[in-house]
Amino acid sequence: MLKLLYNGSITYLDEENGMFVGPSSSCTYIETSKNKIIVDTSSRDKKKIIISNLNKLDVKLKDIDYIISSHNHNNHNGNNDLFRNAKIVKYSDGSINDLKDPELDLIWTPGHTFDSISVIYEDYVVAPAAIHRKKNVLENLDLPIAIDLELSKKSIQKIVSLKKNIITGHDGILYASDYL
């Protein structure tokens, strides 16, 4: 099961400085036959929304086995401390290799940061670091903030080539039927 707990948001894009103002990442819950997983815990101000949506699923904070951190930005992992029993998985420290679940694939999708990862689960790619908004795919719009623009473009192409629904970082779900 996959459930988007929070769609993600951006207050506005400051085009002059090339940055998002007020960003909060999406927060995705995945339940496999082996694990209960959160991909990105969003920013601190989304705590109540995340807890409420987990309660609706009858999932307790203590039941989460893993947090997959798409990259090391505060607006993506501001609520990691809620999940005290969870092991944090990220690219930067090699813990990406610690998560063994045959129902998931973790892929390196650099560009926004060098440590960006995405998660493939069933008909979805959870790509909060690689694809910020639907426009990144629909309008072939570059990320406004990328460590390496060429790597970012390649990561977006890699994700699009999978022909799956995409969970963006700040703009909800982009369904495959909308971009294929």
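Analyst: What follows starts with the aromatic pair and then moves on to the sheet, the core, the helix and a few backbone angles.

The model is predicted, so local features are described only where pLDDT is at least 70 and side-chain atom pairs only at pLDDT 80 or more, while totals for chains, interfaces and linings use all residues. Residues are numbered from 1 along each chain as its sequence is written, and side-chain values use heavy atoms, with hydrogens and water left out.

A search of the whole structure finds one aromatic pair, where pairing requires that the ring centres of Phe, Tyr or Trp (its six-membered ring) lie within 6.5 Å, and where planes under 30 degrees apart count as stacked, over 60 as edge-to-face and the rest as tilted. The partners are Tyr91 and Trp108, and because their ring centres are 5.5 Å apart with planes at 10°, the pair is stacked. Tyr91 sits in the loop between strand S7 (87-89) and strand S8 (104-108), whereas Trp108 belongs to strand S8, so that the pair links distant parts of the chain, 17 residues apart. Helices (H or I, at least four residues) and strands (E, at least two) are DSSP runs, numbered from the N terminus. Tyr91 is partly exposed at 34% relative accessibility, and Trp108 is likewise partly exposed at 37%; buried means under 20% relative accessible area, exposed over 50%, and partly exposed in between, with a 1.4 Å probe and protein chains only.

S8 and S9 run antiparallel and are joined by five bridges, and strands are said to pair if DSSP finds at least two bridges between them. The open sheet has five strands in the order S8-S9-S10-S11-S12, with mixed pairing, and its edge strands are S8 and strand S12 (173-174), each of which pairs on one side only.

The largest nonpolar core has 18 residues, of which Ile30, Ile68 and Leu104 touch the most other members; such a core is a set of buried Ala, Val, Leu, Ile, Met, Phe, Trp, Tyr and Cys residues joined through side-chain atoms within 4.5 Å. At least two residues each come from S1, S5, strand S6 (66-68), strand S9 (117-121) and strand S10 (124-126), and S9 gives the largest share, three residues. Leaving aside neighbours within four places in sequence, Ile30 has contacts that include Leu104, Val119, Tyr121 and Val126, contact meaning heavy atoms within 4.5 Å.

In helix H1 (residues 47-56), Ile50, Asn53 and Leu54 are buried. Seen down the axis of H1, these buried residues fall within an arc of 100°, taken from the directions from the helix axis to the C-beta atoms, so they line one face of the helix. Their cover includes strand S1 (2-6), strand S4 (27-31) and strand S5 (36-39), while Lys48 and Lys56 are exposed on the other side of H1.

Most residues other than glycine have a negative phi. Ser42, in the loop between S5 and H1, has a positive phi near 65° and counts as buried at 0% relative accessibility. Glu122, in the loop between S9 and S10, has a positive phi near 50°, and this residue is exposed, with a relative accessible area of 52%.
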